[in-house]
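Welcome to a short tour of a protein model. Keep the structure open beside you as you read, and look up each part as it comes along.

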Amino acid sequence: MRTRKLVKRPLIALTIALAFSLSGALGAAETIKVGILHSLSGTMAISETTLKDTMLMLIEEQNEKGGLLGKKLEPVVVDPASNWPLFAEKARELLEKEEVAAVFGCWTSVSRKSVLPVFEELNGLLFYPVQYEGEESSKNVFYTGAAPNQQAIPAVDYLMNELGVERWVLAGTDYVYPRTTNKILAAYLKDKGVTDADIMINYTPFGHSDWQSIVAEIKRFGSEGKKTAVVSTINGDANVPFYKELGNQGIAAEDIPVVAFSVGEEELSGIDTKPLVGHLAAWNYFMSVYEPRNNAFIETWHEFIGDPDRVTNDPMEAHYIGFNLWTKAVEKAGTTDPDAVAAAIIGLEVPNLTGGTARMLPNHHITKPVLIGEIQDDGQFVVVWQTDEEIPGDAWSDYLPGSKALIADWTPPISCGNYNTETKTCTGQTN
Amino acid sequence: MTTQRWRGRSDGRRSPSSRVATGRLLAVLAALWLPLFCAHATPGSDGLEAALTQLTERSFATKAAAAEAIAESGDERALGLLRALLDGDLHFRASDGRIVFAERSGGGYRVRDALTGEALGEAGRREVRRIAINNQMRTQLRGLIAGLTLAHPDPQVRLAAVHEVMADPDDETLKRLRERLAGEPNGRVREALELALALADLEREDPAVRLAAIEGLAGSLEPAVRNHLVALLDEDPDPQVMAAAADALEGIAVRRQLNALAETLFFGLSLGSVLVLAAIGLAITFGVLGVINMAHGELIMLGAYTTYLVQQAMPGAIGWSLLVAVPAAFLVSGAFGVAIERLVIRFLYGRPLETLLATFGISLILQQLVRTVISAQNVVVENPAWMQGSLVINPGLSLTYNRIAILAFALVVFLGLVLILKRTALGLQVRAVSQNRAMARAMGVRSARVDALTFGLGAGVAGVAGVALSQLTNVGPNMGQAYIIDSFMVVVFGGVGNLWGTLVGGLTLGVANKLMEPWAGAVLAKVLVLVFIILFIQKRPRGLFPQRGRAAEA
């Protein structure tokens, strides 16, 4: 009895698997599959679930318009569960088993680094929607979030020129994005004549909750006569106790403004923003931007999600841009073949949600406007400053000694993600 | 001359004067034109009304000029208007640009005219728009309000006003400060006024006046004093003044250091009190029952979620919600604790590895339960007003109320628990069972019931800790994970089965952590504390306060 059962089970599993793959193969003829690689459980689920929903909404909208190349789009959702190695496995599953035409996904830099070899090996396309630390350009990845020169550097310029800030606290969570960004910022500030004594760098663990001494230190650092600002790359929910402590210790935004790169509408919707009023965030999109295209997007989103209180944020706009760029490229190429799409997408332009256009550059980054907003007590931002035009994303920072000479250009004749303009050689992946 | 020189460097907060000038010009122009169009303009308030209209402009510079004009209008409503603008209560009607106070009511706003106070009925959410201000305007508004409230009847308001203008007063303000000093009845306000005037004297040309001012300022911890003195040190032409400034700065530096040390100690005790709160429930379940309860963190989380639910149930009374939440959280977590003990742990006594695995499983189940029932997202637990802000002891040292409250709360919980164990029948039975189970049973103690109640007590205390932690950190399904390691660390360090060990251990680790943090950084400080504990346990495996005697061998 027992042995028969043991034999039977794999047989059933095999039949089911066969049936599934068969139906998958049949389905592939009529639909174009789009992979969605966002964590739906674990610590990153808070942020990434929204992006999964955004993608589902965009795909549904496209299908209502008649799909792509005469075929319907079919979303394939997988859950990498905030587990970095699992990201690579799920990416492989999407590309090898599901044979998706493109993947939209990842949030943290470490998850992107984890899937990168898979996309390069299997020649897939990844659209990555989150602001990141730069210093990367892969043939297979399109970076629709901001590079440091599209977020961090303009924010620092704003503080320096408009608010007259002379002392700088660079506070961040201890991992790759804050560390690289702060390295770039410190180099940039020194370039502008700021001395070491006027820069304070501080790192804290993920989910840090006891901010007393750090905030007291910032207060002391800021009480020495020069206008001081905090540039925060503090990630995720550690921001809540940080801002709370700032409020409790009586540091108002007018005294020491905090400009954050990871705090958006979504993060603010979980907290009481009264003590935060006036603190700043630098993004390429704010929900409060009053543009017809944005208003329509917000309306569609509310209808899709069935909740008029849900907010929109910057990475959602990045997916909106990325998805539209991809569909346009597929239409231009007339196929979903990754190489053809990657060649067709460069130079394409689509409107963004803030009234401008986003263009895909040869380095696989896009052009974006930079907006500085002040937090309001309703969890929204009021734009207090913005760039006159879109800034092209720079893959390799001009302020780091190691990457000064590097550029990325995926068009012939260079076709290289890290081309050294001094030695005229490509030091990494090529075609 | 000297005044000029120092004024330029003072602190760069003022808005560029040219901007204000253009704005003022605009305001004047508007003031000239507006009465022609506005039928409802009352005579005498033209300037004010014109300035108010400017507030609907998009440019912050125009708005800043308008605020200035409001302050200078001399109208008695100016103060209220500026305050409303600062607090974000000032709106305008999209249809006719009328400036109104708007109060949220239902889906829209209840609207009142800002000048006349006349009720204008209800308006939809999109019909009324708030007048947005930015940080530069907030600074400006605070300054303007301070200027208007220097003679306010409430001494607290006067004190705040003096502090606001202290760093960089103009000649007009200085004159008013001097007048104020002559008739000021309140001691603290007088002190602040004298300080402000002494600061201004530092910029006078006569070295004797500067010397006298330095003498008056010696020992003050006000940041502005230190900054002005540092500036003197750099560029005062008179060597005597320079020497005096150096002396005064040295005195200030010593006092600042003492204050910083006191502050660090307080931070350490506060972190320690959080550790004690988190660990004390575990000290009972692990220490007395010997159960390695990996779900301890989730019992804390349940307490925090109870706080959230209590606040949801009584939205109008956030201040009282915590008082309700404490017993509620004790009961909820305690009930879960008893259930866990009855359903799982009692079958696993004496098998630590299985207990560990089972309770770890329970912790995952509880997390998922919260995710499914409430939400995977963090929830907002509000701080009552009395836990916000800080107690200012002197300008260099202030202690935040929420930390003081939690420190006191931790001690109360600790003493309560000690009393329960020492003074009640249940406490006696718990101690008896933990010392010698067989003998206790022979004496008629129902050990199974005692086990369940003990576990429930430990779990309930964890829930109470959750109420306190909900005031400090994020409340989400994962929050328990952050405390489980710390809790075990404290219990093992303090000595298993000893409540006093938990108290002393928790506070020691908190202070040690905070003493190291300034020079080692938050990440390394935590690592160093762990290394220290590992070394300590090597030397004294039973912790700070080991159990002695026969009980320890059992």
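Two strands count as paired when DSSP finds at least two bridges between them. With that in hand, you can start with a sheet in chain A: its three strands have the order β17-β18-β19, the pairing is antiparallel and the sheet is open. Please remember that this is a predicted model.

**A three-stranded sheet in chain A**

- Which strands stand at the edges of this sheet? They are β17 and β19 (425-426) of chain A, and each has a single partner strand, so one side of each is left without a neighbour in the sheet.
- Three bridges hold the antiparallel pair of β17(A) and β18(A).
- One bridge to look for links Leu406(A) with its partner Asn420(A) in β18(A).
- β17(A) and β18(A) make a hairpin, and six residues lie between them.
- Within that turn, Ser415(A) has a positive phi of about 45°.
- The loop between β17 (406-409) and β18 (416-420) of chain A also holds Pro413(A).
- The peptide bond from Pro412(A) to Pro413(A) is cis, and its omega is near 10°.

- As background, most residues other than glycine have a negative phi, and most peptide bonds are trans.
- Asn123(A) is not a glycine, yet its phi is positive, at about 50°.
- You can find Asn123(A) in the loop that lies between α4 (109-122) and β4 (126-128) of chain A.
- His364(A), another residue other than glycine, has a positive phi near 70°.
- The loop between β12 (357-359) and β13 (367-368) of chain A is the place to look for His364(A).
- His364(A) counts as buried because it has 26 C-beta neighbours inside 10 Å.

**Where chain A touches chain B**

- How many residues of each chain are in contact? The contact involves 39 residues of chain A and 41 residues of chain B.
- On the chain A side, at least two residues each come from α2 (45-64), β7 (199-204), α7 (212-222), α8 (239-248) and β15 (381-386).
- α7(A) gives the most to this side of chain A, with five residues.
- By type, the chain A residues that touch chain B divide into 13 nonpolar, 16 polar and 10 charged.

**Chain B as a whole**

- Chain B contains 22 helices and seven strands.
- It has 554 residues, and 43% of them count as buried.
- Among the contacts in chain B with a separation of 6 or more, 67% come from residues 24 or more positions apart.

**A five-stranded sheet in chain B**

- Chain B has an open sheet of five strands, in the order β4-β3-β2-β1-β5, and the pairing is antiparallel.
- The edge strands are β4 (119-123) and β5 (128-130) of chain B, and each pairs on one side only.
- On average, neighbouring strands of this sheet are turned by 40° against each other, direction ignored.
- Strand β1 (residues 90-93) of chain B runs antiparallel to β5(B), and three bridges join the two.
- In one of the pairings, Arg93(B) has Val128(B) in β5(B) as its bridge partner.

**Two helices of chain B**

- Helix α17 (residues 425-435) of chain B has Gln429(B), Val430(B), Val433(B) and Ser434(B) as buried residues.
- Why do these four share a side of α17(B)? They cover an arc of only 130° around the axis, which puts them on the same side of the helix.
- The cover over these buried residues includes α16 (401-423), α18 (437-442) and α19 (447-469) of chain B.
- Helix α20 (residues 481-494) of chain B has 14 residues and reaches 21 Å from its first C-alpha to its last, close to the expected 20 Å.
- α20(B) is mostly covered, with 11 of its 14 residues buried.
- Among the buried residues of α20(B) are Tyr483(B), Asp486(B), Met489(B) and Phe493(B).
- The elements covering the buried residues of α20(B) include α12 (239-285), α13 (296-313) and α21 (499-539) of chain B.
- Gly495(B) follows α20(B), and its phi is positive, near 115°.

Note on methods. Residues are numbered from 1 along each chain as its sequence is written. Chains are lettered from A and ligands numbered from 1 in the order in which they are written. This is a predicted model: local features need pLDDT of at least 70, side-chain atom pairs count only at pLDDT 80 or more; totals for chains, interfaces and linings use all residues. A residue is buried if 20 or more other C-beta atoms lie within 10 Å of its own, exposed if 12 or fewer, and partly exposed in between; C-beta atoms are placed from the backbone. Two residues are in contact if their C-beta atoms, placed from the backbone, lie within 7 Å. Ala, Val, Leu, Ile, Met, Phe, Trp, Tyr, Cys and Pro count as nonpolar, Asp, Glu, Lys and Arg as charged, and the others, Gly among them, as polar. The arc is that of the directions from the helix axis to the C-beta atoms. The expected span of a helix is 1.5 Å times one less than its number of residues. Axes are lines fitted to C-alpha atoms, for helices over the stretch in contact, and angles run from 0 to 180 degrees between N-to-C directions.
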